[in-house]
Amino acid sequence: MNTPRPIRHSSMDHVVLIGGGSTNALIAVRLAERGFHVTILEKAKIGNGSSSRSAAGIRAQFSVEETVVGMQYSEWWYTQFHQILQTPPERRQPVIQQNGYLFLYEDSEQAAPAWKPGIRSAVAQSWQQAQTNVAMQRKVGLPVEILTPQEVNQRWPHLDPDRLVGATWCPTDGFLYPQMIYMEGFRRAQELGANLMQDTEVIGATLRGGRIIALETTRGLIEADWFVNGTNAWAPRLSRCIGGMHLPISPLKRYHYFLKPDRPIMSRQEWQRLPMTIYGMGTGRGAHSRPENELLMLAWAHETTPEPNFSDEDQDRIDPPFNHSNGIDNYGYAIVEQMMAFAPSLADAGGLTATSSGFYGTTPDANPMIGFDANLDNLVHAAGFSGHGLMHAPITAFLVEAIIAGDVEDGREARLPPPFEKHSIDLSAFAPTRSFVPSKKEALVL
C-alpha cells in the first residue's frame with residue numbers, strides 16, 4: 001500500500017467526493033458523522049452511473065478472505081440500513097432481500113466430451129477450489145453450505161441434479177434495491193451538513209507539492225483538504241484529469257435481460273424466494289438469474305473490448321448482437337440456453353421482454369482499488385469494483401473513512417466496528433499500487 005507523507009488529520013477538514021453513486025453516498029454519511037465538511041460533486045444527476053443500472057447482487061462467497069469479511073459486514077450493514085440512516089418511517093422500503101446465492105457446479109464428465117480434457121479439468125478444478133473457499137469462508141464465520149445434487153433438487157425442484165457434482169449455498173447473500181440506497185444515503189448526508197452539487201463536472205486540478213489544492217469544475221474552483229475518486233468506470237480518466245496515477249481499470253459493457261413467464265412453474269412465494277443462481281463455473285459458464293418482481297433477471301459476463309472513452313449515453317446503448325428483440329440470434333438467448341442445461345422448466349417458462357446495460361469498472365484481479373494515489377498525497381481512490389460496487393459500498397465507506405480519519409493501524413490494518421470487532425481488513429489487498437496476481441482473480445459474477 002502506498003503510504004503518503006505524514007499529514008494532518010482533522011475532523012474539520014474539507015473532503016470532496018467525486019461521483020454521485022451509492023459508494024460516495026455512504027462515504028458522505030460516515031464522514032459527515034465524523035464532523036468532516038463534505039462536498040459531493042456529480043457531473044450529471046445522482047445515480048447517473050452504474051448504481052442505477054446494477055443487477056444489485058450481494059454475496060460474501062468470495063475467494064479472498066478480506067473480501068469475505070468485508071462483505072459479511074456489508075450484508076449486516078444493509079440489514080440495519082434504515083436505523084443507521086435514520087430514514088423517516090414513511091420512506092422506509094426494502095433495501096436488501098436475502099434470498100441467498102446458489103453456485104451450481106457441474107460433474108466434469110457431464111460438462112464436456114472426453115475429447116475436451118481441458119474443459120473437464122477446468123470444471124473439476126473449479127469444484128475443488130469452491131470446497132477450499134468454503135473452508136476459508138466458514139473459518140471467518142460465513143454460514144455457507146456445500147450441497148449434494150440431491151439436496152439442490154430437494155430445495156429447488158426446478159433444478160436438474162443429473163449434471164451436477166454439487167453446489168455452494170449461502171442464505172445471507174441476496175440482492176439489493178439500488179435507488180433506495182443512493183437516494184437515502186444522500187438524503188442523510190445532506191441532513192448531516194454535506195453539500196451535494198449535481199451538474200458539476202471536474203475538468204482539472206491545481207496541484208502543489210504532491211497535493212491537490214483545488215479542483216477546477218464547470219462551476220468554478222473548489223478547494224479542499226481531501227479528495228476521493230469514487231467514479232468507478234470513469235475513474236481512470238478522472239485520475240488522469242486531476243494529475244493522479246494511471247489506474248488499470250477497464251470499462252466493460254455488460255447487459256441484463258428480463259424473462260417474463262407466460263405460465264406458472266412454481267408458486268408465487270417460491271418464485272419470490274428464488275436465489276441468485278449461477279449456472280456452472282469455469283470455461284463457458286457463469287450465466288446467472290434472480291427474480292425481479294414478476295420477471296426473471298438474467299446476465300452473463302462476456303468477452304468484450306474495453307471502452308475507455310464511453311459517454312454517459314453509451315451506458316444505455318444496446319448493440320444489435322445483444323438486443324433481445326433481434327430474434328433468437330442474440331446474447332440474451334445464449335444465456336437462456338445456458339440455463340436450459342440446469343433448469344429446463346425455468347428457461348422454457350417464457351420469453352425475453354427487455355434488455356438493459358451499463359459498464360463495469362474492472363481491475364486485472366477483479367478486486368477494487370481502495371487507498372491512496374501513488375502521486376498525490378491527499379487523493380484517495382475508491383473504484384474498480386468489477387461489477388460489485390453496490391455490494392461493497394458499506395465496507396468501502398468504512399475503509400475510506402478509516403483512511404481519511406487516520407484510523408488505519410500500522411499503515412494497513414483497519415479494524416472493523418462491532419459486531420465485527422474480531423476482524424480487521426488488510427488494506428494492502430485493495431491498494432491501488434498493488435501488484436496484480438492473476439491467481440487471486442475473483443470471479444466476475446454479479
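Tutor: Asn-232 is buried, at a relative accessible area of 14%, in this predicted model. Its phi is near 50°, a positive value in a residue that isn't glycine. As for where that happens, Asn-232 sits in the loop between strand E13 (226-229) and helix H8 (235-241). For context, most residues other than glycine have a negative phi, and most peptide bonds are trans.

Ser-386 is another one to look at: its phi is positive too, about 55°, and it isn't a glycine either. Ser-386 is buried because its relative accessible area is 1%, under the 20% cut-off. You'll find Ser-386 in the loop between strand E20 (379-383) and H12.

Now zoom in on Tyr-78. Leaving out residues up to four places away in sequence, Tyr-78 touches Leu-26, Ile-58, Val-95, Ile-96, Leu-176, Ile-181, Leu-390, Met-391, Ala-393 and Pro-394. Tyr-78 is also one of the H2 residues that meet H12, alongside Thr-67, Gly-70, Met-71, Tyr-73, Ser-74 and Trp-77. On the H12 side, the partners are Leu-390, Met-391, His-392, Ala-393, Pro-394, Ile-395 and Phe-398. The axes of H2 (residues 65-79) and H12 come within 8 Å and cross at roughly 100°, so H2 is roughly perpendicular to H12. Sort the residues of that contact and you get 10 nonpolar, four polar and no charged.

Two of Tyr-78's contacts, Leu-26 and Ile-181, also turn up where H1 meets H7. Helix H1 (residues 22-33) and helix H7 (residues 178-191) pack at about 30° with their axes 8 Å apart, and are therefore roughly parallel to each other. H1 passes H7 in a left-handed crossing. Among the H1 residues in the contact are Ala-25, Leu-26 and Val-29, while H7 brings residues including Ile-181, Tyr-182 and Arg-188.

Pro-419 belongs to the loop between strand E21 (413-415) and strand E22 (424-426).

Notes: Residues are numbered from 1 along each chain as its sequence is written. This is a predicted model: local features need pLDDT of at least 70, side-chain atom pairs count only at pLDDT 80 or more; totals for chains, interfaces and linings use all residues. Side-chain values use heavy atoms; hydrogens and water are left out. Axes are lines fitted to C-alpha atoms, for helices over the stretch in contact, and angles run from 0 to 180 degrees between N-to-C directions. Helices (H or I, at least four residues) and strands (E, at least two) are DSSP runs, numbered from the N terminus. Angles under 35 degrees count as roughly parallel, over 145 as roughly antiparallel, 65 to 115 as roughly perpendicular and the rest as oblique. A crossing is left-handed if the near helix is turned anticlockwise from the far one by less than a right angle, and right-handed if clockwise. Contact means heavy atoms within 4.5 Å. Ala, Val, Leu, Ile, Met, Phe, Trp, Tyr, Cys and Pro count as nonpolar, Asp, Glu, Lys and Arg as charged, and the others, Gly among them, as polar. Buried means under 20% relative accessible area, exposed over 50%, partly exposed in between (1.4 Å probe, protein chains only).
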